[in-house]
Amino acid sequence: MRAFYVSDVAVFDGARVRRRRGVLVEGDRIAWEGPHARAPREAAAARAVDGHGRTLTPGLIDCHVHLCFAGEADFAGEAAALTPAFGAIKGTVNARKHLEHGVTTVRDLGGVGILDLAGAIEEGRVPGPRVVAAGRALTITGGHGHNIGIGREVDGADAIRTAVREEIRAGARAIKVVATGGVLTPGIDATFTAFTPEELGAAVDEAHAWGRGVAAHAIGAEGILQAVLAGVDSIEHGMQTTTAIAREMAARGTFRGPTLSAMIGIVEHQGSVPAYAVEKALSLTDDARASHTRALRAGVRHVCSTDAGTPYNPHGNGPNELIAMVEWGMSPLEAMVSATANGAELLRVPDIGRVAPGASADLVLYDADPTEDIEALRSPSIVWKAGSRVRG
Ligand SMILES: [Zn+2]
């Protein structure tokens, strides 16, 4: 069996860092992890990887991407040209970029052709990270995303149950609901409350019955609160998270993916991104910052959610999202927990997001320790997915 041993390395295991460790990988799994001085006999026979002075972490998990979008300035124009085949082709190109940046798992929260791509990657036909795909995003008639192929218009609790079942039948491993308006759809306020509590409840009830987690796109306070109370698993964007909502999320264990990269990509490219999107993003910047602070203070658990594929938000942007989360007040260690253990829990993939015997060997080796200096994420030295080197 193919085996390698990373010697004398600092290991961030998804929760904490320990020094002078050793990690033995056999096939696609971690066979052993412990003090380097007590390495098992098998380690001597395995191919050696010198970990001295370096840090080994679980592969990063990006809980919000759109693989069929490449991050062009004109989102609507990109959307208009999408077909399922073209979406799968673009997704194939975009997927590899995540691996290059140490991201070994993504959740695709709305795409066309991506369920097929997820299957092709899983079968080893094309390289890419693990893809937990939501299929199409559920939105109200005329709601955010209704005008692009990745959205599916649906109204009423019964129709939502049917839509959830159909997306799951098509291969979805997560469900996305669009609970409010959005920045990138013209003609609808970003903070507009979309689905009714009854509709959200039906989506969550049905998805959970099938063992799928639910992500809610939610920007305005009322929509965020309704989604949280309906029992969704993650709030994406969450730009108007009040203190009361943050406390509710912390108490329930609802994850928050702040998607700072999406906002930064738009506000830093005024002039090339359509004006309606720039205007809406700018009007939410202060709210987003205050919400992030409130959520951290209330103890809300976070995940790394880039929303990659939106304007100037390229695939593989996970490290930049984590760097921004730290700039906005999170500790580097918290950011790393967000991108590993928290992501794995949210995506319901228990054998990733940690470095422990039996876990999948999705690993990244860095020359510096990202739990001390988050900038270390910019230059991964070696990336493995399921024990295979995919970079370095
Ligand atoms: Zn999105």
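Begin at the zinc ion, whose donor residues are spaced in sequence as H-x1-H-x240-D. Before selecting anything, note that this is a predicted model, in which local features need pLDDT of at least 70 and side-chain atom pairs count only at pLDDT 80 or more, while totals for chains, interfaces and linings use all residues. Residues are numbered from 1 along each chain as its sequence is written, and side-chain values use heavy atoms, with hydrogens and water left out.

**The zinc ion**

Select H64, H66 and D307 together with the metal: the protein donors are NE2 of H64, NE2 of H66 and OD of D307, lying 2.0 to 2.2 Å from the zinc ion. Donors here are N, O and S atoms within 2.8 Å of the metal (3.2 Å for Na, K and Ca), and since water is not among the atoms, sites may look incomplete. H64 lies in strand β6 (residues 60–65) and D307 in the loop between α10 (275–298) and α11 (318–327), so this pair ties together parts that are 243 residues apart in sequence. Helices (H or I, at least four residues) and strands (E, at least two) are DSSP runs, numbered from the N terminus.

**Around H64**

Next, centre the view on H64, which is buried, with a relative accessible area of 1%; D307 also counts as buried, at 7%. Buried means under 20% relative accessible area, exposed over 50%, and partly exposed in between (1.4 Å probe, protein chains only). Show the residues in contact with H64 (heavy atoms within 4.5 Å): leaving aside neighbours within four places in sequence, they include R107, K176, E236, H237, C304 and D307.

**The cavities**

A cavity is a set of points, on a 1 Å grid over the protein atoms alone, where a 1.4 Å probe fits but cannot get out, and its lining residues have an atom within 4 Å of a point. Grid points are joined across faces, edges and corners, and a volume is the space filled by probe spheres set on the points.

The largest cavity holds about 310 Å³ of space. To find it, select H144, L184, H217, H237 and D307, which lie nearest its centre among the 26 residues of its lining. Colouring β11 (174–178) and α9 (260–267) then marks the elements that give two or more residues to this lining, with α9 providing the largest share, 3 residues.

Finish at the second largest cavity, with about 40 Å³ of space, by selecting its lining residues F75, A76, H144, N147, I148, L184 and T185.

Note on methods
On a 1 Å grid over the protein atoms alone, a cavity is a set of points where a 1.4 Å probe fits but cannot get out, and a pocket is an open set with protein on both sides within 12 Å along at least five of seven lines; lining residues have an atom within 4 Å of a point.
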